[in-house]
Amino acid sequence: DSMTDDSMTDDSMTDDSMTDDSMAGEEMMGAAWQSLTLTDTDGNMFTLNDFMGTPVFVENFATWCPNCRRQLGDTQEAAAELGDEAVFIALSVETDLSAEDVAEYAADNGFDNIRFAVMTPEFLAAISDHYGNNSINAPSTPHYVIDSHGVAGAMNTGFETSAGIVEALRTAAM
């Protein structure tokens, strides 16, 4: 009779948070898209999984987007406050943009505490598959936190204050 009694399945099916936990367990090493290689505006290659142990704030943006510039200002403030406590990454959804153009955008706007990179077409497709099309809709200011265990949280849209970003990252550090 014990062969038919699969209490582990029953337990995980009765509570939504259990289902979430089991999904998070699969992603302890980071989801597949988190291991895709990106190149920052300084020419350094990295993956989002490279920052395991430190919370990461990721903002998807476009250089032509005024909402993005406004949100990146708050992100810059949070980055200045947190220093080495967290990593801040801004990923351009404009896959055809040069690293030089993005570096110039960052410099012109004083975003010097944020690591900038251009999404590869592969990364753009993967992030859109994972989070949906809103994740690449720059004016909605899509952003998410990857906790210190490498688990990516929910995609959020809309403006986030620097205090809200700091709080989210300090929570994600635990």
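The model is predicted, and local features were taken at pLDDT of at least 70 and side-chain atom pairs at pLDDT 80 or more, whereas totals for chains, interfaces and linings use all residues. Residues are numbered from 1 along each chain as its sequence is written, and side-chain values use heavy atoms, with hydrogens and water left out. Helices (H or I, at least four residues) and strands (E, at least two) are DSSP runs numbered from the N terminus.

Angles run from 0 to 180 degrees between N-to-C directions, and axes are lines fitted to C-alpha atoms, for helices over the stretch in contact. Strand 3 and strand 6 are paired in the antiparallel sense over 4 bridges, and Val-58 stands opposite Tyr-144 of strand 6.

Helix 3 (residues 66–82) packs with helix 6 (residues 162–172) at an angle of about 50 degrees, the axes being 8 Å apart. Helix 3 is therefore oblique to helix 6 (angles under 35 degrees count as roughly parallel, over 145 as roughly antiparallel, 65 to 115 as roughly perpendicular and the rest as oblique). Contact (heavy atoms within 4.5 Å) is made by Gln-71, Asp-74, Thr-75, Glu-77, Ala-78, Glu-81 and Leu-82 of helix 3 with Ser-162, Ile-165, Val-166, Leu-169 and Arg-170 of helix 6.

Within helix 6, the buried residues are Ser-162, Gly-164, Ile-165, Val-166, Leu-169 and Ala-172, where buried means under 20% relative accessible area, exposed over 50% and partly exposed in between (1.4 Å probe, protein chains only). These buried residues of helix 6 pack against strand 3 (56–61), helix 3, strand 4 (87–92) and strand 6 (143–146).

Thr-141 is found in the loop between helix 5 (121–131) and strand 6. Although Thr-141 is not a glycine, its phi is positive, at about 45 degrees. Thr-141 counts as buried because its relative accessibility is 1%.

Notes
Two strands pair if DSSP finds at least two bridges between them.
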